[in-house]
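Please examine the sequence and the structure shown here before reading on. The paragraphs that follow lead through the fold step by step.

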Amino acid sequence: MTDKCILIGAPVQDGAGRLGCEMGPSAYRAAGLREALTDLGFVVEDRGNVAPGPACDIVHPNVAVHHLPEFHAWTRSLAEAAFQASGEGVPIFLGGDHSLSAGTIAGLSRRAKAESREFFVLWLDAHPDFHTLETTTSGNLHGTPMAYVTGQHGFGSFMPPLEAPVKPENVCMIGLRSVDPAERNALREAGVLVHDMRAVDEQGIAPLIRRFLERVDAADGVLHVSLDVDFLEPAIAPGVGTTVPGGATFREAHLVMEMLHDCGAVRSLDLVELNPFLDERGRTALLMVDLAASLMGRRILDRPTRSF
Ligand SMILES: NC(=[NH2+])NCCC[C@H](N)C(=O)O
Ligand SMILES: [Mn+2]
Ligand SMILES: [Mn+2]
């Protein structure tokens, strides 16, 4: 990893079913993200918040779909911001609902391709967000970014073209416990590596992560981590609009972050779905900052590096 972290606010909320994620970037700043990274020895540059690109008129025949022009506009500007920043340091995207990952991952994957590196995504979420514009029934576009970035059917004429679609087999999802029927089929057909909470319960989270990191390592790949607040157990992370009981515990979440740091392959991070309006005195924002710090190298005792 480089010694520079680049904070990029992505105050996107149109992809969610309720308002509030727009306040996410401010909450991370108030919770001390910059200070936590500075304490770890990083040079931190806060680039402020990204603005959406110019709006265009697009209408999809699925009448449930809402805010598609905004999704398009955010995806364009975030892809550009991600491509630029990933050439200069480790970008950390402060969300914003999960639709922002359509842009960040598109740009990061383009960067990896430009550097001839194999690109991997670790998706930590209660949901796979693998709907297409046709299959979503809620119409909330934060349920679609993973289908878009892996080049699933039907986005072509409605969304910016992808320069470097992500290989579905290079995506690992952990923490799933709310998967819609259409997503279940699509995930299987696409060949995404998925681990639901039952797998975590039966096998433990460390072996699941370790197996994936070994693949990333064998390919000398670069890894992007997309962390949705609802990956976590709602009792410890109430500040999110789509809580699902039975999420990752405090210890499991920190262990994943520590293992990610030790693997040395993480180049970028999305912190998504924080809704400060639903939070309790900032505790979810503070937990997300602590998890980001663990991923960036905060640890309890000294350990040898690259020991996943
Ligand atoms: N990023 C999220 N919180 N996604 C939740 C998606 C929930 C549901 N699958 C939907 O499409 O509406
Ligand atoms: Mn999500
Ligand atoms: Mn989710």
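How many bridges join β3 to β8, and in which sense do the two strands run? In this predicted model, β3 and β8 run parallel and are joined by 3 bridges. One residue pair shows this pairing in detail: isoleucine 92 has leucine 269 of β8 as its bridge partner.

The open sheet contains 8 strands in the order β2-β1-β3-β8-β7-β4-β5-β6, and the pairing is parallel. At the edges stand β2 (43-49) and β6 (193-196); each has a single partner strand, so one side of each is left without a neighbour in the sheet. On average, neighbouring strands of the sheet are turned by 15° against each other, direction ignored.

Strand β1 (residues 4-10) pairs with strand β3 (residues 90-95) in the parallel sense, over 6 bridges. Within this pairing, isoleucine 6 stands opposite proline 91 in β3. The pairing of β7 with β8 is likewise parallel and extends over 6 bridges. Here valine 225 stands opposite leucine 269 in β8, and leucine 269 is also the bridge partner of isoleucine 92.

Helix α10 (residues 283-295) lies across β3, β7 (222-228) and β8 (266-272), and runs at about 175° to β8.

Leaving aside neighbours within four places in sequence, isoleucine 92 is in contact with Cys5, Ile6, Leu7, Leu269, Leu271 and Ala292.

Helix α3 also packs against another helix. The axes of α3 and helix α4 (residues 100-114) come within 7 Å and cross at roughly 35°. Among the residues that make the contact are Phe71, Trp74 and Leu78 of α3, together with Ala102, Gly103 and Leu108 of α4. The crossing of the two helices is right-handed.

The C-alpha atoms of histidine 66 and leucine 141 are separated by 7.5 Å, although the two residues are 75 residues apart along the chain.

Finally, the protein may be considered as a whole. Its secondary structure comes to 10 helices and 8 strands. The radius of gyration is 17 Å, close to the 19 Å that the globule rule gives for 308 residues, so the protein is as compact as a globular protein of that length. Taken along the principal axes, the C-alpha atoms fill a box of roughly 55 × 40 × 40 Å. Of the 308 residues, 55% are buried. Among the contacts with a separation of 6 or more, 76% are between residues 24 or more positions apart.

How values were computed
Residues numbered from 1 in each chain as written. Chains lettered and ligands numbered in written order. Predicted model: local features only at pLDDT ≥ 70, side-chain atom pairs only at ≥ 80, totals over all residues. Pairing = 2+ DSSP bridges. Helix = DSSP H or I, 4+ residues; strand = E, 2+ residues; numbered from the N terminus. Axes fitted to C-alpha atoms, helices over the stretch in contact; angles between N-to-C directions. Contact = placed C-beta atoms within 7 Å. Rg over C-alpha atoms; globule rule 2.2 N^0.38 Å. Buried ≥ 20, exposed ≤ 12 C-beta atoms within 10 Å, placed from the backbone. Left-handed = near helix turned anticlockwise from the far one by under 90°.
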